[in-house]
Amino acid sequence: MNNKLAAALSGGAVLVLALSGCSSDDGDSKVNAWAKKVCDQAQPQIQKRANAQQTIISTAADGKPADIQAADSKAFQDIADADKALAAAVSSAGTPPVDNGEKLQQDAVKELNATATAYLNLKKQVDGLNAKDQQKFADGLQGVADGLKKIETMDQDALKKLQSGALGQAMAKQPGCQTAKASSPAAGSSASATPSTPVKPTGSASEKPSGKPSAKTSASPSSGQ
């Protein structure tokens with residue numbers, strides 16, 4: 001049943017301050033300093049988001065509805081919390097030292113908070129499903145998957161602009177804003193609602209568990225944006 005959400009995630013995750021690649025240009029020291037402020041706070045949130053998405057994907061397709069419900073509910077809460085924390089990181093870093101920096105910052109914070117709210121709504125939707133009736137639960141899960149697809153098509157223009165040009169290049173060089181890779185449970189097992197396996201961030205933007213779709217946890221900016 002949970003493969004419906006996994007399939008939705010495989011369509012491409014929301015752009016969230018997780019970058020790949022780097023630039024050989026040292027750039028402006030003030031821009032680099034701003035990027036460091038953001039990325040130092042962003043790293044645990046990027047990892048938290050990757051872990052949550054992996055929980056949804058790796059929950060066994062034939063798992064018990066109650067287990068799927070608990071895992072997905074926690075995953076959506078974690079993603080919402082991470083997005084809120086990322087919004088706070090961008091806000092507390094101050095105005096980016098680039099042209100139109102204040103608007104770039106305000107718009108990015110607004111978008112991150114909007115996606116956080118959308119994921120909290122998905123959590124409420126999952127929590128309200130009837131886990132005692134497998135057919136009704138499966139039907140309800142389809143609605144959650146549809147909601148997830150809508151989140152992924154939300155306007156992400158502000159984040160794309162924040163992650164383009166000089167700011168994007170500076171952020172891409174920071175270890176804290178590198179893309180994260182979540183560990184995968186053993187094949188065929190159901191993911192716990194409270195996964196505790198430690199993970200280490202790497203430069204990979206996705207995880208491909210055996211037989212499951214991949215979750216793209218990042219998007220790379222182009223310097224031309």
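A residue is called buried when its relative accessible area is under 20%, exposed when that area is over 50%, and partly exposed in between, as judged with a 1.4 Å probe on protein chains only. By this criterion, buried residues account for 47% of the 225 residues in the protein chain. The structure is a predicted model, in which local features need pLDDT of at least 70 and side-chain atom pairs count only at pLDDT 80 or more, while totals for chains, interfaces and linings use all residues. Residues are numbered from 1 along each chain as its sequence is written, and side-chain values use heavy atoms, with hydrogens and water left out.

The protein chain contains seven helices and two strands; these are DSSP runs, numbered from the N terminus, with at least four residues (H or I) for a helix and at least two (E) for a strand. Along the sequence the elements follow the pattern α-α-α-α-α-α-α-β-β.

Two packed helices are described by the angle between their axes and the distance between the axes. The axes of H2 and helix H3 (residues 65-92) come within 8 Å and cross at roughly 170°. Such axes are lines fitted to C-alpha atoms, for helices over the stretch in contact, and the angles run from 0 to 180 degrees between N-to-C directions. H2 is therefore roughly antiparallel to H3, a term for angles over 145 degrees, whereas those under 35 count as roughly parallel, 65 to 115 as roughly perpendicular and the rest as oblique. The contact of H2 with H3 comprises 14 nonpolar, five polar and six charged residues. Here Ala, Val, Leu, Ile, Met, Phe, Trp, Tyr, Cys and Pro count as nonpolar, Asp, Glu, Lys and Arg as charged, and the others, Gly among them, as polar.

The structure holds one disulfide, defined as a pair of cysteine sulfur atoms within 2.5 Å. It joins cysteine 39 to cysteine 177, with an S to S distance of 2.1 Å. Cysteine 39 lies in helix H2 (residues 29-58) and cysteine 177 in the loop between helix H7 (165-172) and strand E1 (206-207), so the pair ties together parts that are 138 residues apart in sequence. The link of cysteine 39 and cysteine 177 is left-handed, with -95° about the S-S bond, and both cysteines are buried.
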